[in-house]
Amino acid sequence: MKKHNFSAGPSILAKEVMENTAKAVVDLNGTGLSVMEISHRGKDFMAIMDETVALFKELLEIPEGYHVLFLGGGASLQFSMVPYNLLGKKAAYLETGSWAKKAAKEAKFFGETVIVASSADKNYNYIPKNFTIPEDADYFHITTNNTIYGTEIKEDMNSPVPLVADMSSDIFSRPVDISKYGIIYGGAQKNLGPAGVTFVIIREDILGKAGRPIPTMLDYKTHIDQGSMFNTPPCLPIYTSMETLRWLKKMGGVRKMQEINQHKAQLMYSEIERNSLFVGTAEKDSRSIMNVCFVMNEKYKDLEAEFLSFATSKGMVGIKGHRSVGGFRASIYNAMAVESVQALIDVMQEFEKEHK
Ligand SMILES: *Cc1c(COP(=O)(O)O)cnc(C)c1O
């Protein structure tokens, strides 16, 4: 039976990306060596690193003055690296979910941390509006896609201070105006590659202002100066990320991907609205195009476990919602085909026919 992988992360990758990675693990481009056993400073791996950086710059149209880094430690280490490098006096955060909250918690180790707005009052089911970004903050931190709650900031906002964004779960899902950001970071394992590599897009001129000594490995300058080669980078996850970006380019780039993603999300949300058994959790204008969260309608609450096992028996994988929201979550990242979204919708309709 075909499996349809709706996992939130680590998550689906394009089939050819996995096949090409498998080949490179055994024999990289006919070198007779695995991508896992070659020097990261040798010409074969340097070519992989250079192409990955070049594809980032090309596909996201990254302007001059920015660097693309590949680091370890996950998005979670960026929660600390950002304030370590940028927070002199005061930082501002938008609290749109538990990842955003975790990011703000780390900033508090380094200085005053202001939460400009929070949607915690409604279990983070919306993106707050009409907040003011303090002009004396060293930076403003947002989480563009709230993986757990299925809400998303879909536009690039204006900020009077450097804008820092955790884009772990929506990078490459749409065009981004990079020039509005000081830093964009994320773990690869949602929309780019396997777990183990973290990307950081950084504008160099925002650095050097925090006024504290920074340990070498936690200093962005180290990784900028050394081209992500200060220590051994996560070679294999970088290789797979490169394959994903080659695939993305072939698919038509981020504009085309946004079109497809909007279509997939539209299909899912329309079905949730139409189907009497289910109800969406995120407010309409805050809905994510990457993670679609829904629960059983009050009247059918008892059917939750049954729907989950029914869907599982039909090949649906990873649709159980995060414990803090409950119900279901369909993560429909770039690599998820429209056919798989349709397969889930068919399952929802079949279940409705049996139980309505
Ligand atoms: C998954 C996720 C993280 C955590 O990433 P790690 O690489 O596991 O540290 C952080 N932020 C967002 C928005 C995520 O989706």
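**From a buried tyrosine to the ligand**

Y269 is buried, with a relative accessible area of 8%, where buried means under 20% relative accessible area, exposed means over 50% and partly exposed lies in between, using a 1.4 Å probe and the protein chains only. The structure is a predicted model, in which local features need pLDDT of at least 70 and side-chain atom pairs count only at pLDDT 80 or more, while totals for chains, interfaces and linings use all residues. Residues are numbered from 1 along each chain as its sequence is written, and side-chain values use heavy atoms, with hydrogens and water left out.

The place of Y269 is in helix α7, residues 253–274; helices (H or I, at least four residues) and strands (E, at least two) are DSSP runs numbered from the N terminus. When its neighbours within four places in sequence are set aside, Y269 is in contact with G150, R287, S288, N291 and V292, contact meaning heavy atoms within 4.5 Å.

Not counting residues up to four places away in sequence, T244 touches L13, V17, N191 and L192. Along the chain T244 and Y149 are 95 residues apart, and their C-alpha atoms are separated by 26 Å.

N191 is also among the residues that N334 touches, and N334 deserves a look of its own. N334 sits in the loop between β14 (328–331) and α9 (338–355), and it counts as buried because its relative accessibility is 5%. With residues up to four places away in sequence left out, the contacts of N334 are I171, F172, S173, N191, W247, L248, M257, N261, K264 and M290.

Beyond its neighbours within four places in sequence, S11 is in contact with N5, Q189, K190 and Y333. P10 belongs to the loop between β1 and α1, and a cis peptide bond, with omega of about -10°, joins G9 and P10.

Q189 and K190 lead on to the ligand, since they belong, with S76, T147 and D166, to the residues that come nearest among the 13 around it; a residue is near a molecule if one of its heavy atoms lies within 4 Å of it. By type, this shell divides into 3 nonpolar, 8 polar and 2 charged residues, where Ala, Val, Leu, Ile, Met, Phe, Trp, Tyr, Cys and Pro count as nonpolar, Asp, Glu, Lys and Arg as charged, and the others, Gly among them, as polar. Helix α3, residues 74–86, gives the most to the shell, with 4 residues. An oxygen atom of the ligand is 3.0 Å from a polar backbone atom of A75, and an oxygen atom of the ligand is 2.6 Å from an N or O atom in the side chain of S76. A polar side-chain atom of K190 lies 2.6 Å from an oxygen atom of the ligand. Taken alone the ligand exposes 390 Å², of which the protein buries 88%, with accessible areas coming from the Shrake-Rupley method and a 1.4 Å probe.

Most residues other than glycine have a negative phi, and most peptide bonds are trans. Phi of E61, however, is positive, near 50°, and E61 is placed in the loop between α2 (43–59) and β2 (66–71). Phi of N130 is likewise positive, near 55°; N130 is found in the loop between β4 (112–118) and β5 (140–143) and counts as exposed, at 81% relative accessibility. As for the cysteines, C235 is buried at 13% relative accessibility and C293 is buried at 3%, while a search of the whole structure finds 0 disulfides, a disulfide being a pair of cysteine sulfur atoms within 2.5 Å.

Technical notes:
A polar contact is a pair of N or O atoms within 3.5 Å; within protein, one must be able to donate a hydrogen and the other to accept it, and residues adjacent in sequence count only if both atoms are side-chain atoms.
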